[in-house]
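Subject: Structure for handover

Hello,

Here is the structure for you to take over. My notes on what turned up in it come after the structure itself.

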Amino acid sequence: MQGITGKTALITGASSGIGQAIALRLAQEGANVVINYRSDPEGAESTQAKIHEIYQATPANGAKVMTYMVDVSDYDQVSKMFDHLEETFGLVDIVINNAGVQIESPSHETDVGAFQKVLNINLNGPYFCSTRAIRHWLDRQAPGVIINVSSVHELIPRPQYLSYAVSKGGLNNLTKTLALEYAKHGIRVNSIGPGATQTPINTWHDEADEMEELAKHIPMGRVGTPAEMAASVAFLVSDEASYITGQTLFIDGGLTLYPSFESPWT
Ligand code: NAD
């Protein structure tokens with residue numbers, strides 16, 4: 001992909017799953033990579049080790065990788081991280097808001113603290129990182145790219161996961177509003193909307209039976225892989241997507257196509 005080599009990319013929640021796959025893919029494209037994590041140092045170190053291997057295979061690149069422990073739902077921590085990254089790299093060109101959690105509970109029984117926790121991580125986190133990054137780009141009169149890792153549930157309601165669905169619905173408008181507000185500054189903001197993807201966030205991720213059952217609901221008949229999500233992110237941050245902003249690219253095997261309409265009902 002054009003325009004990624006030599007850039008610096010911050011990926012939140014990159015110690016596992018989709019975030020880890022994005023970190024590896026952007027390293028393959030020649031970016032400096034900042035692996036943000038909150039509570040999984042082993043996962044962050046494993047991502048870092050894999051990236052060192054990628055860089056060693058392309059030694060002329062000279063790219064750097066670092067890990068950074070920050071809770072994205074804490075604005076002070078996020079802001080200090082940016083201060084430090086500015087000192088280290090000068091410019092942080094790409095921000096991937098990937099960190100996310102989900103909590104299952106009937107909506108009328110949801111604990112208020114649990115509801116707020118999901119919104120704090122899934123929605124406030126991207127708001128903090130995006131606005132801090134935008135200030136950084138405006139100060140330097142530099143362009144920048146933000147990708148929010150949303151979900152098919154920014155569109156599809158999700159009973160028993162109210163806070164998750166609300167957070168991803170909010171992320172949709174965060175993406176569009178920031179895209180519109182800062183397009184004139186050369187700042188692009190897009191989302192990806194993964195469908196069911198095999199990662200630790202899902203309890204079925206290591207249960208073959210459950211996965212087979214789940215796959216029956218997906219038009220393409222299978223769940224997605226983190227690498228498939230990362231490939232779309234690489235495209236969206238690259239210069240190949242230079243005229244795309246404010247969009248969500250759903251990567252879902254057809255899950256957002258109203259699968260129950262596949263056959264006539266009568
Ligand atoms: P995951 O659990 O492997 O990844 C989530 C990451 O976020 C973890 O590394 C976790 O440590 C990190 N994180 C959690 N709270 C944090 C905090 N406060 N600060 C910093 N990091 C924090 O699961 P995943 O599936 O890779 O999830 C990544 C993103 O993809 C999430 O936003 C999720 O909503 C989205 N998504 C996943 C699926 C799926 O089926 N796996 C589908 C749609 C969307």
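**Ligand site**

Of the 28 residues around the ligand, those that come nearest are Ser 16, Ile 18, Asp 71, Tyr 164 and Thr 199. Please keep in mind that this is a predicted model.

- Ser 15 has a side-chain N or O atom 3.1 Å from an oxygen atom of the ligand.
- Lys 168 places a polar side-chain atom 3.0 Å from a ligand oxygen.
- Gly 100 takes part through its backbone, with an N or O atom 3.4 Å from an oxygen atom of the ligand.

On its own the ligand has 820 Å² of accessible area, and the protein covers 94% of that. Two elements give two or more residues to the shell around the ligand: helix H1 (17–28) and helix H5 (162–182). By residue class, the shell holds twelve nonpolar, 13 polar and three charged residues.

**Salt bridges**

Side chains of opposite charge can pair when their charged atoms come close. A search of the whole structure gives six salt bridges.

One of them joins Arg 132 and Glu 86, whose closest N and O atoms are 3.2 Å apart. Arg 132 and Glu 86 are both buried.

Another salt bridge is formed by the side chains of Arg 25 and Glu 29, at 2.9 Å from N to O. Arg 25 is partly exposed, with 21% relative accessible area, while Glu 29 counts as buried because its value is 13% and the cut-off for buried is under 20%.

Lys 216 and Glu 213 also meet through their side chains, with an N to O distance of 3.1 Å. Here Lys 216 counts as exposed at 63% relative accessibility, and Glu 213 as partly exposed at 41%. Elsewhere, salt bridges with shared partners join Asp 83, Glu 86, Arg 132 and Arg 140 into one network.

In soluble globular proteins, nonpolar side chains tend to be buried together. The largest nonpolar core in this model has 35 residues, and the members that touch the most others are Ile 11, Ile 22, Leu 26, Val 33, Ile 51, Ile 96 and Val 237. Strands E1 (8–11), E2 (32–37), E4 (94–97) and E5 (144–149) each give two or more residues to this core, as do helices H1, H2 (41–57) and H7 (226–237). H1 supplies the largest share, seven residues. H1 is also among the elements that contribute to the ligand shell.

**Backbone points to check**

Most residues other than glycine have a negative phi. Which residues other than glycine have a positive phi here? Gln 160 is one of them, with phi near 75 degrees. Gln 160 lies in the loop between E5 and H5 and counts as partly exposed at 36% relative accessibility. Tyr 258 is another, with a positive phi of about 55 degrees. Tyr 258 sits in the segment after strand E7 (248–251), and at 63% relative accessibility Tyr 258 counts as exposed.

Regards

Technical notes
Residues are numbered from 1 along each chain as its sequence is written. This is a predicted model: local features need pLDDT of at least 70, side-chain atom pairs count only at pLDDT 80 or more; totals for chains, interfaces and linings use all residues. Side-chain values use heavy atoms; hydrogens and water are left out. A salt bridge is a side-chain nitrogen of Lys or Arg within 4 Å of a carboxyl oxygen of Asp or Glu. Buried means under 20% relative accessible area, exposed over 50%, partly exposed in between (1.4 Å probe, protein chains only). A residue is near a molecule or strand if one of its heavy atoms lies within 4 Å of it. A polar contact is a pair of N or O atoms within 3.5 Å; within protein, one must be able to donate a hydrogen and the other to accept it, and residues adjacent in sequence count only if both atoms are side-chain atoms. Accessible areas come from the Shrake-Rupley method with a 1.4 Å probe; for residues, only the protein chains shown count as cover. Helices (H or I, at least four residues) and strands (E, at least two) are DSSP runs, numbered from the N terminus. Ala, Val, Leu, Ile, Met, Phe, Trp, Tyr, Cys and Pro count as nonpolar, Asp, Glu, Lys and Arg as charged, and the others, Gly among them, as polar. A nonpolar core is a set of buried Ala, Val, Leu, Ile, Met, Phe, Trp, Tyr and Cys residues joined through side-chain atoms within 4.5 Å.
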